[in-house]
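Here's a quick briefing to read alongside the model. Have the viewer open and follow along by topic.

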Amino acid sequence: MDGPWRRRRRRKESAIKAGNMWFSSQVGAAAADPYPPPFASFLERQGPSKKRRRRRRRRRRRRRERSKVMRGLEDAAGPRGEVEDEDEPAATAEDEVSLRQWVDQPSRPVDLLQCLHIFRQIVDAVNSAHAQGVVVGGVRPSCFVMSSLDRVSFIESASCSESSEDDDLTSGRSRLGGGSSRMVASEEPSGGVEDEKAAFPMKKVLQMEAAWYTSPEEDAGKPATFASDVYRLGVLLFELFYSFESLEEKFISMANLRHRVLPPQLLLKWPKEASCCLWLLHPHQDTRPKMSGVLESEFLNQPKDSLEERDAAIKLKEETEDQELLLEFLLHLQLKKKEIVDQLHNTIRFLTADIEEVTHQKSILSKKSCSKLDKGDRSSKEKLDEPLLDSVKDEYSFNSDARKRLRPDLQNSIQEKHYNVGAKDPRPKKVQQIQENPLSKSSRLMKNCEKLEAVYVSTRCRTVKQESQPGNKFIHIISSGKGSSFRPPHGSSVDDWDYDVENVGRNEWINPFLKGMCKYLAFSRLKVRADLKQGDLLNPRNLVCSMGFDRDKEFFATAGVNKKIKIFECNTILNGDRDIHYPVAEIINASKISCICWNSYIKSHIALSDFEGVVQAWDATRNQVFAVMREHEKRVWSVDFSLTDPTKLASGSDDGAVKIWNINQAGSVCTIRTKANVCSVQFQPDSAYSLAIGSADHKIYCYDLRNLRIPRCTLVNHMKTVSYVKYLDSLSLVSASTDNSIKLWNLPASASGIIESPLQTFTGHANIKNFVGLSTSDGYIATGSETNEVFIYYKSFPMPVLSYKFGVTDPISGKEMDDTSQFISSVCWQGETSTLLAASSTGNIKLLEMV
């Protein structure tokens, strides 16, 4: 009869047989159940003891944690299946690779010294941790990366942090060495067995790795010990010395390894290594060797000389690679510095040429000035002041237009020959001011020296690149505006230049950069000429949306959300010292007014657009509307009269339509449809058929009204809504956007497609959400800012020329206060003068003048 021990033995044998059958059937479908129970767990299913139930609960809890980790791993996988770290770039094949990925190469050739070298490094790291009393826990291939020179580093891996030994691993991580905190995982192939032979699916392997490297005592629910790390070293040693050809073979071999069953091929080819594996994989932790015993074993010490030679060779190769890397860096740095030297050499060459040219021109002008002065009678005192007159005349000749705008009576003061000798200072006040002015100019010049230098270098290099042609042996005279600029021939040195100074001097020499710099430095500040005081200044609905001067610049009109157009006389505002300024005429509209525009031919005609989508034309003298246009479906932002055809009017709306009107006809003449809201329209100054459109899709469209099928050109460079477009001249366009920038564009004379590069980008003001106004005059560009300031730019330079901040006064206390909600809402030049009209969002209007 069978005793109880025989029945128990038969139950165990049947359980083992059932477990083997189950494991073989589940190998091919490991992804369906990522964490099947370890094979040894079948032996525990013999009864419902409390201890076994607790163990099963702990195992189920660990599986759930592993599943969460793997789900996070899959979510973090990149397009190539890499788990990327945000702080560091992904490893490359030439840099370092996961040890798991290296071990699982199908049919990997096993090199004795290479495998021993890798294993010895890991043993040293684990021994170092044990010496400090730290249980590593994460001795798995996925927790290590290997460099191209077989240097192994411990990393923090998702696959080695899901078990209960996380605390021990964290405490020993800093002691085990550096390495990047990332793990490389290959993408799981979609094919069948052939794909698995090509590359093991990394996700499946990582899912099974935790079970392979779990020691028997840990599987029984006990905590990890130093002996557990030794067991994991045995599993790692087996993977290093045995290469698998398929994933199925790997799963079966790793399952047999739990029972210390090694493949026959390993026993025949690597008997010492197989013996060491069995030694490290002993099921009883007390029987396993200590780390000191592993290090002193014959297995690691017999090829010690070969390993030391290999290590020395690797160190030598690493040092060589470091030297090569340093050499590559130094060569790259040398190349960059040579490029900088070449640029500096060209800049110095340009500067030398320009200094020589300016010196010659100055000497010519000085000679001409002296010869003219010698013809008249001059006192000895006048001769002493001759250098002063020379400097005044040079400055005046270089910037006569700006001087006339700044001081209309400057020419009379320069031509004055007789000074008051009896005075303390014989020079008149005008001349003293001119002499003192360069000092302030010099300080402003030095303040913006770097920006001016950048503009000069870019302009100079661009001009030489465009104008210099190979084989040209003659001097290049580059015309620009009124003057011309001397340029050396291509490839010639400064000493070889030979030019006719008198020939150059006979032309009116104005270098474009010098002209721009003189324009930039012509004015020092913005002066308040008049402060427009209105009765409804404290009205919160007093924002000024648009302003404009009439044909003769005698009257100006303001309009905004108060639904009124107020017309003021300039001389009354400038000359009258009054508490409140009353308009000479007032037009009341039914809706908020967004834009106004005077007719440049018919003095009293003014057009307006409002928030209801209505465009109207009024006679301001009679205070009477004579044309109402209601075809727009939404708010109209902009309206503009043509300068060459006073009957033609353009309007742009939120409905994406631009309509061309004739004030003598009932309906619109034509319509331009765009894909986004239209914020601004303006006719070209010398053409009734060219129209510029600023759109909310960040683009500017230039249309020829004779061909509305496609725009003549499209300007693309703004990052946000284009709020304003204004012509600087017939071939230059200025655009403002809520991306904090203003851009200057050069429009092609003939048809063109897309233009992406502006001539200049002006920055310094703040504009991200409001319409702050834009106006141009004689190369100067005025704009508002959301800092409640007015900024003036000149077309040649990207930085502001002048600025003026509107003060905010408390109406009760009368003290200055800081209100960040206020901004400049509109600006307008008084024709080609230095006078500017500016209004804030509270209705505060000032007449400013550049002085």
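**The salt-bridge network**

Start with the charged cluster: Arg 100, Asp 104, Glu 209, Glu 239 and Lys 250 are linked in a network of salt bridges (a side-chain nitrogen of Lys or Arg within 4 Å of a carboxyl oxygen of Asp or Glu). Before going further, note that this is a predicted model, where local features need pLDDT of at least 70 and side-chain atom pairs count only at pLDDT 80 or more, while totals for chains, interfaces and linings use all residues. Residues are numbered from 1 along each chain as its sequence is written, and side-chain values use heavy atoms, with hydrogens and water left out.

**Salt bridges, pair by pair**

- The structure holds 19 salt bridges, and three of them are worth a look here.
- Arg 100 pairs with Glu 209, with the closest N and O atoms 2.9 Å apart. Arg 100 lies in helix H3 (residues 99-103) and Glu 209 in helix H7 (residues 202-212), so this bridge ties together parts that are 109 residues apart in sequence. Helices here are DSSP runs (H or I, at least four residues), as are strands (E, at least two), all numbered from the N terminus.
- Arg 100 counts as buried, at 0% relative accessibility, and Glu 209 is buried with a relative accessible area of 0%. The cut-offs are under 20% relative accessible area for buried, over 50% for exposed, and partly exposed in between (1.4 Å probe, protein chains only).
- Lys 250 and Asp 104 meet through their side chains in a salt bridge of 3.0 Å, N to O. Lys 250 sits in helix H10 and Asp 104 in the loop between H3 and H4, so to speak a link between distant parts of the chain, 146 residues apart. Both Lys 250 and Asp 104 are buried.
- Glu 218 and Arg 232 form another bridge, at 2.6 Å, N to O. Glu 218 is in helix H8 (residues 216-219) and Arg 232 in helix H9, 14 residues apart. Both Glu 218 and Arg 232 are buried.

**Helix packing and burial**

- Helix H4 (residues 112-131) packs against helix H9 (residues 226-241) at an angle of about 170 degrees, with axes 11 Å apart. Axes are lines fitted to C-alpha atoms, for helices over the stretch in contact, and angles run from 0 to 180 degrees between N-to-C directions.
- That angle makes H4 roughly antiparallel to H9 (the label needs an angle over 145 degrees).
- Helix H23 (residues 512-521) is mostly covered, with eight of its 10 residues buried. Among them are Phe 513, Met 517 and Lys 519.

**Loops**

- Which residue other than glycine has phi near 60 degrees? Arg 260 has that positive value. Arg 260 belongs to the loop between helix H10 (247-257) and helix H11 (264-269), and is partly exposed, with a relative accessible area of 30%.
- His 698 has a positive phi too, near 75 degrees. His 698 is in the loop between strand E20 (690-695) and strand E21 (699-704), and is partly exposed at 30% relative accessible area.
- Lys 290 is in the loop between helix H12 (271-280) and helix H13 (291-295) and counts as exposed, at 64% relative accessibility. Lys 290 and Asn 127 are 163 residues apart in sequence but 9.3 Å apart in space, C-alpha to C-alpha.

Methods:
Parallel < 35°, antiparallel > 145°, perpendicular 65-115°, else oblique.
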